[in-house]
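Hello,

Here is the structure I promised to pass on to you. Please open it next to this message, and read on below for what turned up.

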Amino acid sequence: MTRAVMPGSFDPVTYGHLDVIERASDLFEDLIIAVVENPAKCCLFSLQERVGFLVGTVNHLANVRVDTFSGLLVAYMQSARVRVIVRGLRVATDFEYELQMALMNHELFAEVETVFLPSSHRYSFLSSSLVKEVALHGGSVTAFVPGQVEEVLKRKISAERG
Ligand code: PNS
């Protein structure tokens, strides 16, 4: 198999992401986790924080590296010489959005193919947004995100509360 890119906001990385990353790293020789800079979309965590969490989370996987991109994903893929996108699919509602993105990316750059990996059932409910919501309301996110993420998340929330 070849190299692949797994793009995303990763705001923040969850155990659901990690599950897909680990399985994709088994399927591809090289896997790039590409964190979108996302200037238009407001993220709780800075780009540096999101990258730092990911680096700390995937450092046991020798064929995985973390990079950043801005602008079109396909432009990044052309410069990084990669033509396969990996995306995790959790629930049926993910599919419509993911299919649209896959078709648009293929339209923009015909060599691009998207591979969908179903998330493990134990993470099928998990999203970065829900993790932030649970943490914001004082719930425990220990089961959902790496310890370093949980720590910074708690600190950020209590700093925002003042
Ligand atoms: O984790 P997310 O937020 O679901 O990831 C979405 C992401 C980053 C993969 C998507 O928004 C993206 O590729 N953005 C880059 C801009 C782009 O290429 N848009 C056209 C995609 S069809």
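A word on contact before anything else: two residues touch when they have heavy atoms within 4.5 Å. Please note that this is a predicted model, where local features need pLDDT of at least 70 and side-chain atom pairs count only at pLDDT 80 or more, while totals for chains, interfaces and linings use all residues. Residues are numbered from 1 along each chain as its sequence is written, and side-chain values use heavy atoms, with hydrogens and water left out.

Let me start with aspartate 11. Leaving aside residues up to four places away in sequence, aspartate 11 touches Cys43, Leu44, Phe45, Arg50, Ser128 and Lys132. You will find aspartate 11 in the loop between strand S1 (3-8) and helix H1 (15-27); helices (H or I, at least four residues) and strands (E, at least two) are DSSP runs, numbered from the N terminus. Its relative accessible area is 4%, so aspartate 11 is buried (buried means under 20% relative accessible area, exposed over 50%, and partly exposed in between, with a 1.4 Å probe and protein chains only).

Two polar partners of aspartate 11 are worth a look. Its side chain meets that of lysine 132 in a polar contact of 2.7 Å, and the side chain of aspartate 11 also reaches the backbone nitrogen of phenylalanine 45 at 2.8 Å. A polar contact here is a pair of N or O atoms within 3.5 Å; within protein, one must be able to donate a hydrogen and the other to accept it, and residues adjacent in sequence count only if both atoms are side-chain atoms.

Most residues other than glycine have a negative phi, and most peptide bonds are trans. The peptide bond from aspartate 11 to proline 12, however, is cis, with omega near 0°. Phenylalanine 10, in the loop between S1 and H1, has a positive phi, near 50°, and is buried at a relative accessible area of 3%. Arginine 81 has a positive phi too, near 55°. Arginine 81 sits in the loop between helix H3 (73-80) and strand S4 (84-89) and is exposed, with a relative accessible area of 72%.

Now for the aromatic rings. How many aromatic pairs does a search of the whole structure find? The search finds four, where rings of Phe, Tyr and Trp (its six-membered ring) pair if their centres lie within 6.5 Å, and planes under 30 degrees apart count as stacked, over 60 as edge-to-face and the rest as tilted. One of them joins phenylalanine 45 and phenylalanine 53: the centres are 5.1 Å apart and the planes are at 85°, so the pair is edge-to-face. Phenylalanine 45 is buried at 2% relative accessible area, and phenylalanine 53 is buried at 3%.

Phenylalanine 95 and phenylalanine 116 form an edge-to-face pair as well, with 6.2 Å from centre to centre and 65° between the planes. This pair links distant parts of the chain, 21 residues apart: phenylalanine 95 is in helix H4 (residues 92-108) and phenylalanine 116 in strand S5 (residues 113-118). Phenylalanine 95 is partly exposed at 38% relative accessibility, and phenylalanine 116 is partly exposed at 25%.

Finally, have a look at valine 112, in the loop between H4 and S5. Valine 112 is buried, at 1% relative accessibility. Among the residues it touches, not counting those up to four places away in sequence, are Val74, Met77 and Ile85. Valine 112 and isoleucine 85 are 27 residues apart in sequence, and their C-alpha atoms are 7.3 Å apart in space.

Best wishes
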